[in-house]
Amino acid sequence: MTDTKKKSVSLVLNLILMIGLGFAAIMAVQVVSLSSLAKKNSRADHVESYELLRNSIKESLENTLQGYYMQLNPYANAEIMKSGNFDLVGRWLQANPQIRAKDFDYVMIADASGYSYNDNGTRTNIAERDYYQEVMYNGERMYIDNPVRSKTTGAMVIHVARPIYDARGNVFAMLAGVINVENLIKPIKNTNVPEGVWLYVIDHNGDIIYHPAAEEGTNYITNAGEGHEDLSAVSLKMVGGEIGHAWINSLTGSKEDLLVYSGINGTPWGMGFLVPGSVVDALGQRIANATIMFGGLMLAVILLLGALVLSVSLKPLRIVKNAITGIATGNADLTQRIEIKSNNEIGQVVNGFNKFTEKLQSIISDVKNSKDELGVAGEDMSSTAQNTASAITQIIANIESFRSQLDAQKQSVDQTAGAVDEISANINSLNQMIENQSAGVTQASSAVEEMIGNINAVSSSMEKMNHSFGELQTHSQEGFGKLEDVSMKVQAIENQSESLNDANLAIANIAEQTNLLAMNAAIEAAHAGEAGKGFAVVADEIRKLSEISSQQSTQIANQLNQIMASIQEVVGASSDASQTFSRVSQELSDTDQLVMQIRTAMEEQNEGSKQILDALKMMNDSTQEVRNASDEMREGNKLILSEVQHLQDVTTSMKSSMDEMAEGAQKINETGAVLTEVSDRVKDSIVKIGNQIDEFKV
């Protein structure tokens, strides 16, 4: 009863939960769609609004800066500027400070040297300042620099600079108005922006000119902070003069922030509105919250109405539940019927229940009639199962006895097969040893024959070597004799060279004496005057011939010295060659004796090898006879092993068949036991079913 009631409550609860979940899913889709649409529209509206505000402030700031530029016109258009005299203009500037506009702290003018006149009576060197460089050297007509600390006042200032032209149109100086940064950003500070929104200005380096919340030293280009690389990229676009908007990683604690930015014309600065994402998405979040609240209220109303409708609609099912409970817990009265009062789905369920009860009543009536017949069949089935089990038990006992005998026979056959296998293995091992021995003898015979061939070849080579050594020794003796003949002839040439050298010395002396005679003749011819001119010519020719003879004698002496030096080298080389030939002859004699000894040893080795070869041939013949006998034993063993294997296979087959018979008998026995058990259960079930069927009132 408790379980039935619990299931009924679960059905109603499940229906309510299904309705609630379906409506919640629809509301979730609606909330997501509305909040997404609201977020998209809200972001577009904020971008448009802040772009308009940015453009307004940008134009105002640009107009202010343009106004500063125009306030320099009284100086630039002054007649004195056309003179091009820098010192005159500088003194004029300092003498007329009343011309200065109230927005300027002071006005300065500087020439190409970078040294300026200031209308507050001071002078400074500004050659390294960027505004001076841009106007004087880069051709800028208007330039506003980044805020710097003034060398004159010490305050943070900017310079509105422009060139000054002389009467010929040449730039001879730079004019600049100095403005305190606080005066410049005062209008920006007073701009009304929503709470939490930051309006800020940065210079082209990324340093903060004005920011309501940034820490001192913050740089949005080089030091925007970890995770804010996107801000650095947008800041570069700002100072580059670009206009637009971007969504960046939040600096305000939201998921992302809106940054509406632009450059400022006439300056290297950038300005932007940083709007927290929570401010931009606030409208979408409020719409989502309202939608969730409205959806929750609607869900509560729908669940309440659904509970009331289900409670009324499921009332007929309670009647069906009570009827079924009565049949299950009472006397199983199948004659009961439920009165139908409605024609809807619930009424159709009740009508189906009545038809089911009527059909069940008819079936139970037939089952009660068959109960007695099932009881008799159960008794017969139990008796038959017991008889079958006894017969199967006797068959299994006989099979076990025959299998024991077969196991003993198989064990004997296995032992016989093992012994035959061992004999076969020994025969195979013996045969392998014989094969190895035969192969070894064959290899040894081949090696010995090859060794005999090698010995014969060596002996032949020794014969040839002995003959060659004899010829070589003969040729060596002949060379030694010829070398001695060469040495003797070289010695004779050396002696002849010495004789030539003596003759050459005699010729040199004759040439020298002839030269002295020619000189004396020339002197005497000079003394004789005209009569001695012919003799003087002859004396001169004799002198020239004497000089030539002396030169040739000197060259011959040099050549003879070289020839004698060469002869000395040849004599030394010939002596060394003679000694070498003598040593070669001795070594050839020693080598010839060694060759004779080797030849004798090789002949003895040849005789021993022939004896070994004869012994190996006899061993090979014996090995062949043993191998033939081993082959016959192996063939006989193969026949025995084949018969034993056949017997073993037959025994194994018989054992396998007996195992299958035993297994089949065991299964039959198990089946008989199961059949007996099933028979008993069927009998008990028939009795139990009969008792249960008797409870039905039909």
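The model shown is predicted.

**View 1. Overview of the predicted protein.** Eleven helices and twelve strands make up its secondary structure. Of its 698 residues, 32% are buried. Among contacts with a separation of 6 or more, 64% link residues 24 or more positions apart.

View 2. Leu308 lies in helix 8, which spans residues 282-313. Leu308 counts as exposed because its relative accessibility is 53%, and the cut-off for exposed is over 50%.

**View 3. The buried side of helix 3.** Helix 3 runs over residues 86-95, and its buried residues are Phe86, Val89, Gly90 and Leu93. These residues sit on the same side of helix 3, because they cover an arc of only 100° around the axis. An α-helix has 3.6 residues a turn, so residues three or four places apart point the same way. The buried residues of helix 3 pack against helix 2 (73-76). They also pack against four strands: strand 1 (106-110), strand 2 (115-118), strand 3 (123-125) and strand 7 (171-180).

**View 4. The start of helix 3.** Here Asn85 makes a side-chain to backbone approach. A side-chain oxygen of Asn85 comes within 3.3 Å of the backbone nitrogen of Asp87.

Conventions: Residues are numbered from 1 along each chain as its sequence is written. This is a predicted model: local features need pLDDT of at least 70, side-chain atom pairs count only at pLDDT 80 or more; totals for chains, interfaces and linings use all residues. Side-chain values use heavy atoms; hydrogens and water are left out. Helices (H or I, at least four residues) and strands (E, at least two) are DSSP runs, numbered from the N terminus. Buried means under 20% relative accessible area, exposed over 50%, partly exposed in between (1.4 Å probe, protein chains only). The arc is that of the directions from the helix axis to the C-beta atoms. Contact means heavy atoms within 4.5 Å. A polar contact is a pair of N or O atoms within 3.5 Å; within protein, one must be able to donate a hydrogen and the other to accept it, and residues adjacent in sequence count only if both atoms are side-chain atoms.
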